[in-house]
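This report covers selected local features of one protein chain. The sequence and the structure are shown first.

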Amino acid sequence: MDETEFWELVDATREAAEGDPEEQADLLVERLLRLDPEMVLDFARHFEARYNRAYTWDLWGAAWILLDGASDDAFDFFRCWLIGQGRETYEGAVHDPDTLADLLTDFDDEVDGDAEELGYAADEAYEQLTGAVAPDLGIPAAPPEPLGTPLDLENNSLLEERLPRLWDRFAD
């Protein structure tokens, strides 16, 4: 599976689920079950690489603003959700998290920003296909700390300074 096929699966399931992250995860498992196990592992590699790439202080700040606070786990689930939004939103946010102010037409922190299940879709599909737990993906591990300049997430003035458009649009 190449990168284009990865994003096509993400986009197709998001559109079919009408933006519901849980439904998208269910649809993704269904679609992955149509593939051979090696393709499912390829999908998992693409997902995990993007998940790790999104482990940045500025994206954590964006999640903090959008979700009105974001623990470690909440940020993990936010990164899954971000991947689920598709290539344009993901790449824009990774390049400049403040662009989420423009990329998100709306954001409901009760529904959006948490797609934990997307992170497990490939593992679930692989296990259903093979009866075994997915092997190590053979990709570099996530960095031990977020990438970029550290950010005190509880300092509103720093968040506003670093992510001004997001702050103006979404901060309480």
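Asp26 is located in helix 2 of this predicted model. Its relative accessible area is 47%; because exposure requires over 50% and burial under 20%, Asp26 counts as partly exposed. The residue belongs to a negative surface patch, together with Glu18, Asp20, Glu22, Glu23, Glu30, Asp114, Glu117, Asp123, Glu124 and Glu127. Helix 2 (21–32) and helix 8 (121–130) each contribute at least two residues to the patch. The largest contribution is that of helix 2, with four residues.

Glu18, another member of the patch, lies in the loop between helix 1 and helix 2. Its phi is near 50°, a positive value in a residue other than glycine. A positive phi is also found at Asp68, at about 60°, although Asp68 is not a glycine. Asp68 is placed in the loop between helix 4 and helix 5.

| Residue | Relative accessible area | Class |
|---|---|---|
| Glu18 | 74% | exposed |
| Asp26 | 47% | partly exposed |
| Leu35 | 24% | partly exposed |
| Asp68 | 54% | exposed |
| Thr89 | 11% | buried |

Leu35 is part of the loop between helix 2 and helix 3. With neighbours within four places in sequence left aside, the contacts of Leu35 are Met1, Leu9, Val40 and Leu129. Leu9 and Leu35 are 26 residues apart in sequence, and their C-alpha atoms are 12 Å apart in space. Leu35 has 24% relative accessibility; since the limit for burial is under 20%, Leu35 is classed as partly exposed despite these contacts.

Thr89 is a residue of helix 6. Its relative accessibility is 11%, so Thr89 counts as buried. Beyond neighbours within four places in sequence, Thr89 is in contact with Leu82, Leu100, Leu103 and Leu104.

Note on methods. Residues numbered from 1 in each chain as written. Predicted model: local features only at pLDDT ≥ 70, side-chain atom pairs only at ≥ 80, totals over all residues. Heavy atoms only, no water. Patch = residues over 30% accessible without salt bridge, like charges linked within 9 Å, V, L, I, M, F, W, Y side chains within 5 Å. Areas by Shrake-Rupley, 256 points an atom, 1.4 Å probe, with all protein chains shown as cover. Salt bridge = Lys/Arg side-chain N within 4 Å of Asp/Glu carboxyl O. Lys, Arg positive; Asp, Glu negative; His and termini not counted. Charge placed at Lys NZ, Arg CZ, Asp CG, Glu CD. Buried < 20%, exposed > 50% of the residue type's maximum accessible area, 1.4 Å probe, protein only. Contact = heavy atoms within 4.5 Å.
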